[in-house]
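Hello,

Here is the structure I promised to pass on to you. Please have a look at it first, and then read my notes below.

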Amino acid sequence: MKKLRLKLKGVKNFLIGKFIFINGIISIIILGLILTFLVYNSIRFFSSYPFFDFIFGTRWSPTVTEKFGFVPLLVGSLEIAFGGILIAIPLGVGVAIYIGELAPRYIREFFKPIIEVLATIPSVVIGFIGLKTIVPLIKNVFNLSIGLTALAGSLALAFMSLPTIISISEDAINAVPVRFRHASIALGATKWETTTRTVFPAASSGIVAAVMLGLGRVVGETMTVLMITGNSPRIVFSWLQPVRTITATIAAEMGETVQGGLHYSALFAIGLILFIMTFLINLVADRYVAKIRNY
Amino acid sequence: MKSRYLKQNIWYSILLLLSIIVISFVFGIIIYLFIKGGPALSWEFISQKPSAGMREGGILPAILGTLYLIIGTVIIALPVGVFSAIYLNEYARKNRLTRIIRLSIINMSGVPSVVFGLFGLGFFVMFLKFGKSILSGCLTLGFLILPIIITASEEALKSVPDTYRNASFALGANKWQTVVRVVLPQALPGIITGSVIGIGRAAGETAPIIFTVVAFSQPNLPNSIFSQVMALPYHLYVLATQLPNAPEDKQWGTALVLLIIVLFFTVIGAAIRARARMRRRE
């Protein structure tokens with residue numbers, strides 16, 4: 001009897017171990033499932049639409065002429081993302097240096113929760129505010145017929161990528177050991193010289209990671225760009241014209257497709273490319289994050 | 001010598017200015033929403049169904065829809081996330097598999113929300129044939145916030161000192177008993193904080209629910225987990241861009257209600273964390 005009970009206990013512990021293990025690897029399972037179902041649903045598109053016409057095609061006109069050229073969407077996404085990041089870098093890194101190096105403790109304790117609040121404002125709310133404020137502003141300032149432009153998207157996305165850039169840059173700055181700063185000050189440098197010539201270079205790989213993660217966030221952002229960038233799938237190299245991103249295309253067009261049809265499958269195909277893009281950005285960023293942990 | 005300090009002061013001022021700009025933008029958005037949306041808030045607005053093609057009445061179905069989605073999402077994501085964190089912190093060895101798991105969690109948190117929406121459509125709605133339903137939506141959102149819950153729970157488990165575990169082992173408890181009865185209760189505040197932040201995130205997401213659960217207009221309340229619902233973020237999107245001449249006050253009111261719900265969870269999460277920290281210091 002006692003032997004049986006011990007055996008049962010062994011089985012129980014074995015099952016618990018397995019159960020915990022499956023939960024432990026759930027993130028791998030989910031990533032695998034996401035990849036599988038993106039591929040599975042885009043097979044129809046890749047097998048029936050010429051690959052080069054897709055990758056190098058310059059027209060996205062799925063309903064009228066059944067043309068699925070990826071270039072306008074890619075240009076739209078990159079244009080808005082790089083515009084946003086260029087605005088966000090000076091602001092984000094500046095704030096991170098201020099919070100991490102200069103600000104007294106009470107100001108830091110005051111600023112950090114506010115940055116966290118910014119990260120939680122839903123993208124549809126930012127899009128809505130952008131629609132009511134940035135869009136008319138751009139229309140008036142640049143005297144355009146319509147304010148829904150790439151610039152509006154870039155401005156809103158810059159704002160949305162700030163929490164990521166600030167918090168990760170600040171972590172990087174904090175990871176630089178105090179002895180680096182002491183050494184620099186002992187050599188006669190001012191505090192600001194210490195920040196720019198010692199701390200900043202030492203934290204630079206973390207700051208690069210912060211910017212890349214911000215870029216990943218911005219490339220994948222959907223609702224804001226859907227609401228304020230005008231959604232016109234044409235190739236334009238001006239920030240004062242409407243553009244359309246990969247994400248907005250998926251969100252806007254999925255509702256009107258026939259499930260299982262070519263258009264439906266094409267949207268999964270561009271989703272797959274988006275998934276791969278952000279995956280690579282995150283992988284590279286992780287390499288840079290790993291570097292600052294070595295101090 | 002003087003010029004070096006002058007330079008320092010100039011740069012300090014610039015950085016301070018940048019910080020003030022960013023902070024005031026955050027405050028600006030929130031205050032502006034309250035000013036514009038405040039007058040639209042009324043008991044009628046949050047307790048009535050929309051009428052006259054959503055141009056009149058209230059947003060009750062959207063509020064309730066969002067609450068249903070939040071509850072379902074937590075029921076799905078919390079246990080899985082906590083057990084996943086338990087595996088990583090208590091059971092996993094330092095090997096290649098663990099490294100891959102950590103990398104997967106980081107990458108999962110970087111997957112764009114619209115891609116989660118596509119996945120939910122392909123897997124839950126079509127492949128598992130759950131249809132456009134609360135169930136599909138909650139599963140999609142649950143997967144989306146899983147990295148947040150895992151990361152927060154693991155941090156919480158990590159902060160429990162090893163002396164607790166050793167004391168429990170010394171009393172003859174096995175690993176599972178130690179985790180469930182000693183470590184988990186200690187880690188609870190951190191886990192709750194993570195979940196609450198995850199809820200806030202789930203409440204505001206739009207792209208993942210467009211294809212998996214929300215209805216353009218569904219004034220009737222759901223009767224099963226296979227029903228469709230309205231949800232606040234999508235309702236705001238519809239009012240702002242899809243419905244011509246939607247009344248301005250309804251738009252601002254909806255945006256404000258959504259923001260209040262999200263901020264509510266953020267503040268609760270922060271409060272629990274602050275309390276736990278103070279207790280630890282005592």
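**What I found in chain B**

Of the 282 residues in chain B, 48% are buried. Please keep in mind that this is a predicted model.

Let me start with the overall build. Chain B has 11 helices and two strands. Read from the N terminus, the order of its elements is α-α-β-β-α-α-α-α-α-α-α-α-α. Along the principal axes, the C-alpha atoms of chain B fill a box of roughly 70 × 70 × 35 Å. Among the contacts in chain B with a separation of 6 or more, 75% are between residues 24 or more positions apart.

Next, one pair of helices. Helix α3 (residues 60–91) of chain B packs against helix α6 (residues 134–158) of chain B at an angle of about 40 degrees, and their axes are 6 Å apart. The crossing of α3(B) and α6(B) is right-handed. Where α3(B) meets α6(B), the contact residues comprise 19 nonpolar, eight polar and three charged.

Finally, the partner chain. How many residues of chain B are in contact with chain A? There are 65, and they touch 61 residues of chain A. The elements of chain B that each give two or more residues to this side include α1 (2–37), α8 (175–204) and α11 (248–281). The most comes from α1(B), with 15 residues. By class, the side of chain B that touches chain A has 48 nonpolar residues, 14 polar ones and three charged ones.

Enjoy exploring it!

Best wishes

Terms used: Residues numbered from 1 in each chain as written. Chains lettered and ligands numbered in written order. Predicted model: local features only at pLDDT ≥ 70, side-chain atom pairs only at ≥ 80, totals over all residues. Axes fitted to C-alpha atoms, helices over the stretch in contact; angles between N-to-C directions. Helix = DSSP H or I, 4+ residues; strand = E, 2+ residues; numbered from the N terminus. Left-handed = near helix turned anticlockwise from the far one by under 90°. Nonpolar A, V, L, I, M, F, W, Y, C, P; charged D, E, K, R; others polar. Contact = placed C-beta atoms within 7 Å. Buried ≥ 20, exposed ≤ 12 C-beta atoms within 10 Å, placed from the backbone.
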